[in-house]
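Please have a look at the model on the screen, and then I will walk you through it.

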Amino acid sequence: MKQIIETWNINNKINLYLLTAIDEVNLSSTALSKGRTVAEQFAHIHNVRLMWLKEAQPELLKTVEKIEKENITKKILSEQLNKSGIAISKMLEIALKADRLKGFKPHPTAFFGYIISHESHHRGQIVLCMKQAGSPVDKKILFGLWEWGTK
């Protein structure tokens, strides 16, 4: 269980690492195919976390706030992703001890795989948005997204 929680926390640090590397002005960037802006991608990651907290451990919602489209700033994203990361960590700990996560089948370890996959998918979309908008993420940062042993 300790390693799963630690891995979740690394995943959250990777999200924050990517956010930190993006200038506020570039948060409005979108992919050529349109869709969510970079800021909206980060907000979506956070808001999906809240959806799962509401389902499985609603008492943990008191520490976080939903990010609305019209209120997105880098500061809000950073603060709320940090808070929701901690809340998901607590939710995972509770679920792993009980070997059950309300609202998710088959088990908490599968949820862990699901949520990491979901967030990784959106990190890829963010990187693509930045590239297509003409402000690619620095290569050092891109390599850093894979340095889980140092994050």
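Let me begin with a definition: a residue is called buried if its relative accessible area is under 20%, exposed if that area is over 50%, and partly exposed in between, using a 1.4 Å probe and protein chains only. Please keep in mind that this is a predicted model, in which local features need pLDDT of at least 70 and side-chain atom pairs count only at pLDDT 80 or more, while totals for chains, interfaces and linings use all residues. Residues are numbered from 1 along each chain as its sequence is written, and side-chain values use heavy atoms, with hydrogens and water left out.

I will start with the charged pairs. A salt bridge here is a side-chain nitrogen of Lys or Arg within 4 Å of a carboxyl oxygen of Asp or Glu, and the structure holds 4 of them. One of these joins arginine 49 to glutamate 119, with the closest N and O atoms 2.8 Å apart.

Are arginine 49 and glutamate 119 buried or exposed? Both are buried, and for glutamate 119 the relative accessible area is 0%. If we count as contact any heavy atoms within 4.5 Å, and set aside residues up to four places away in sequence, glutamate 119 touches Trp8, Asn11, Asn15, Ile45 and Arg49.

A second salt bridge connects glutamate 40 with lysine 69, where the closest N and O atoms are 3.9 Å apart. Glutamate 40 lies in helix α2 (residues 38–56) and lysine 69 in the loop between α2 and α3 (74–98), so this pair ties together parts that are 29 residues apart in sequence. Glutamate 40 is buried, at 19%, whereas lysine 69 is exposed, at 61%.

Glutamate 93 also forms a salt bridge, with lysine 97, at 3.5 Å between the closest N and O atoms. The two are 4 residues apart in helix α3, and therefore separated by about one helical turn. Here glutamate 93 counts as partly exposed, at 33%, and lysine 97 as exposed, at 60%.

Let me turn to the nonpolar residues. In soluble globular proteins, nonpolar side chains tend to be buried together. A nonpolar core means a set of buried Ala, Val, Leu, Ile, Met, Phe, Trp, Tyr and Cys residues joined through side-chain atoms within 4.5 Å. The largest such core has 23 residues, and those with the most contacts inside it include Leu18, Phe42 and Ile126. Helices α1 (2–21), α2, α3 and α4 each supply at least two residues of this core. A second, separate core of 22 residues includes Ile5, Leu50, Met91 and Leu92.

Finally, the aromatic rings. Rings of Phe, Tyr and Trp (its six-membered ring) pair if their centres lie within 6.5 Å, with planes under 30 degrees apart counted as stacked, over 60 as edge-to-face and the rest as tilted. A search of the whole structure finds 6 aromatic pairs. In one of them, the rings of tryptophan 52 and phenylalanine 104 have centres 5.6 Å apart and planes at 75 degrees, so the pair is edge-to-face. Trp52, Phe104, Phe111 and Tyr114 form one aromatic cluster.
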